[in-house]
Structures are given as C-alpha cells and as structure tokens.
Amino acid sequence: MGVDQIDASNACIPPAHPLAFQSLPLPSATRGEPIFLDGDGGRLNDGDDSKAPLLMYAVGKLIVIREIHLDESNDNNNNISTFQPSTHRTGPSSTPSTNGFLYRGHSSPVTCAKFNPAGTYIASGDSRGKLRIWSYDHEEHLPKIELQMLAGPIRDVSWDFEGKRIVVVGDGMQGAECGKVVQWDTGVKCGDLAAHGRKKGSSCAFRPCRPMRVATGGGEDSMVFFHKGPPFVRVVGDGVVSEKCHERGAVHALRYNSDGSVLASVGTDGSVSFYEGRGMELVKRVEKVHLSSIFSACWNRSGTHLLTCGADGYARLLDGRVEGDSLGEIVNEWNVAAVHIGDEEQDSSGKVPVGAMQLGCAFIKGNVPVSVGYNGQIAVLPLPSSLGLPFTSSAESMEKPIVITGHQAPISAMTFG
C-alpha cells in the first residue's frame, strides 16, 4: 500500500511493536495564543495507580499524551528532568509504558483535545474545523466518528459529565456558526449556540452536573454567553446573567469546578471572573491577577483552587471557595520565567523573555500543577504543604519546579556518545 493510500484510522504504532521508550517532543506554540493542555485522564487513567499522570497536548498534526514520571524525576539532583523508561507503569490498553503515546490521525494541525470523563475516548479538533473522536484504551485507537464542525479552526472542546455530548467553539469564518453542541456518537445537533462577534469563539465549558449549562467565550468581543438545555438555547434577559465581565480582548479560558457550583473565566485584560454555576450571575471579579494577558486556567480536582498562567511569566493559584471572603485571593505563585532562564539571566528592566511567557496550565492527577511556556518547556510545580491540599504520593517530595525539556522543531541530526 502506498503512502497516499494508508488508512487514516491506522493512526498509531502497531500493537505488536518492539518500542521500549520514546523521547517525546514539546508542545507547539503560537505567540499570543493559548496552548491547550489536558491533565485530566478520566476515571480509567487517574484512578489507576499503575498509570503515570498524563498530560495531553499537540505538536503540529500530532497529539502527544505524555507520562509525567514524578517518582523517577524526583531522584534527580537538578531541576532538568530527563525521564528514563519505567518498568512498573502501564500505557494505553495496559501495555508496558513507553513514556507516552503519539496519535497521528489528523491531516491538519491539531488545535485542541480532551479526554471524556471515563478516560476511554478523546475528542480532538484541528485547524480545518474537523472534530475527530477516537478510542484511547483500544490497542489500535480506532476512530468513532469524524465531523466537519466549523469552517475555521476549532479553538476549544468540552464533554458533558455523561460523556454523551460535546461542545466545540472556534472560528466560524464564512459559516453560520462559531460553536456547536452535538451527540458524541452520531453528530446530531443538540441546539443552537449564540454567535460571538466576528464569529470567533475562543473557549467553552460544559457544567459537570444537572441542570446542564454551556458557557462560551468570545475571541474578540470579550463576552461570555450562557446556554441552557438540551436542546441548548442562549439565556438572556432579567439582568441576572453576566455576559460582559471582561474589559477587552478575548476570553481565553472558561472552566467549571468539579461540582459545577462555580464557573471561572480569564482573558486578555488580566482579570479573573467567578460566576454562579447554575444561575450564571457574577459572584466576584478580581482585577490584575496577572500584569498582562491570562492565557489559561484550570481547577484542581476538589474544585477549591484555580490555577492561572499569563504572559508575565507567572503561574498563580487562587482560592476558589465561595464560602467566606477569600474567593479570588492569590494563595501561591511561581515565577516560572525565572525557572526557565535562571535568576541570574533575568532582565534588570523586569521584561519577561518571549520564550518564558506562560501559555498553558493544567493539573495532572488532579492536584499537581503544570505550566507550559512559549518555548514549549513543561514546568511541574511544587505545592506548599501549608495550603493543605492533597498530594499524589509521588509529588510529596517535590521541593522545586521540575522542567521537562526536549525538541519543539523537527530533528535534523543525531549522534551517540
């Protein structure tokens, strides 16, 4: 069979491969645009101690699901992690661990991907508006369905808590819509989402409980639209719903906490807004959490703290508990830019090097914070014990950030020492 005739469903290394270890690439990055990360491996992966914490991201047309071996990396004396093959970990479909997994089913650059709540399927979108749903736990990772969702790139995707519906947003371009909600297995629409300014959506979130809600963020109009259903329709009127809580630019990330009681939004104006999860009214708006754009946000597993990262080179942890007066307070921060370049190399003017701008963040195994910069380097961040947050067993001994390095461009030469 010629190269042009290879079935797109054969999107992985064959199950009978002799592969022992992979040195995986770093995430692709575009200046001024968020990097999607998904550290929630679902019940299948996060609930299994034989599986390492997973971090999913894109490298061009590839989807990388990297295993973060904290226990092996903590044995290193420096903060530059060079992981070795693990003998006690398992990969997809219980095969021996090879440090991660590469999916090659997309024909265009991948722009977003998310595990379903069970951790068995992944929904991924690309720059041509195609949504592909494929099996993660099957040994051949076969596709379930492929849909042409939008006329332009898909910017974000989210599953409902039942794993039956998917919402996507992105660039509508010449099409009629910049967001859709569909059944995961048939592609049948479940309502009509409101169109953002210039038909550009940037982020979306499904409320993880009933009654169901869908929130979408604009790519240029700084608006957050709320929808109820199914079938989903925009909620407007009566002055309760807060749609205009950001001053300018894009709403880069919308995320519900684990019980659906609070929705958080972050954007270009450097502020964080907290909304009531069901009624969708504004609870609190915190300004100047970062000195410049906030590109990403993520809740921890218990839904008590929100992790944010921005172009100022910092990652910050905010209190997300509505009870009391501490909502939105910064309880910890990490100068990730200094970790990447070294304190002695920082500019005396305070400017953050372009490569150290933080474009994506996530929690792996529910409670280990991770941040990724424009240079693609992955920083695994330690949590102070004083916060009282639960740790995974392998993260308890972390005293300083661990930086995972690698290639971000095609490799042109190699040698053996």
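## Arg-316 and Glu-333

Arg-316 and Glu-333 form a salt bridge whose closest N and O atoms are 2.9 Å apart. Arg-316 belongs to strand E22 (residues 314-319) and Glu-333 to strand E23 (residues 330-335), so that the pair links distant parts of the chain, 17 residues apart. Arg-316 is buried, at a relative accessible area of 9%, whereas Glu-333 is partly exposed at 40%. The model in which this pair occurs is predicted.

## Salt bridges across the structure

In the whole structure, 21 salt bridges are found. Side chains of opposite charge can pair when their charged atoms come close.

Glu-162 and Arg-210 meet through their side chains in a salt bridge, with an N to O distance of 3.1 Å. Because Glu-162 lies in the loop between strand E9 (154-159) and strand E10 (165-170), and Arg-210 in the loop between strand E12 (201-206) and strand E13 (213-218), the pair ties together parts that are 48 residues apart in sequence.

Glu-162 is partly exposed, with 31% relative accessible area; Arg-210 is likewise partly exposed, at 48% relative accessibility. Both residues belong to a network of salt bridges that also links Asp-160 and Arg-165.

## Glu-247 and Arg-285

A further salt bridge joins Glu-247 to Arg-285, their closest N and O atoms being 3.7 Å apart. Glu-247 is placed in the loop between strand E15 (233-234) and strand E16 (251-256), and Arg-285 in strand E19 (residues 282-286); these distant parts of the chain are 38 residues apart. Glu-247 counts as exposed at 55% relative accessibility, while Arg-285 counts as partly exposed at 23%.

Note on methods:
Residues are numbered from 1 along each chain as its sequence is written. This is a predicted model: local features need pLDDT of at least 70, side-chain atom pairs count only at pLDDT 80 or more; totals for chains, interfaces and linings use all residues. Side-chain values use heavy atoms; hydrogens and water are left out. A salt bridge is a side-chain nitrogen of Lys or Arg within 4 Å of a carboxyl oxygen of Asp or Glu. Helices (H or I, at least four residues) and strands (E, at least two) are DSSP runs, numbered from the N terminus. Buried means under 20% relative accessible area, exposed over 50%, partly exposed in between (1.4 Å probe, protein chains only).
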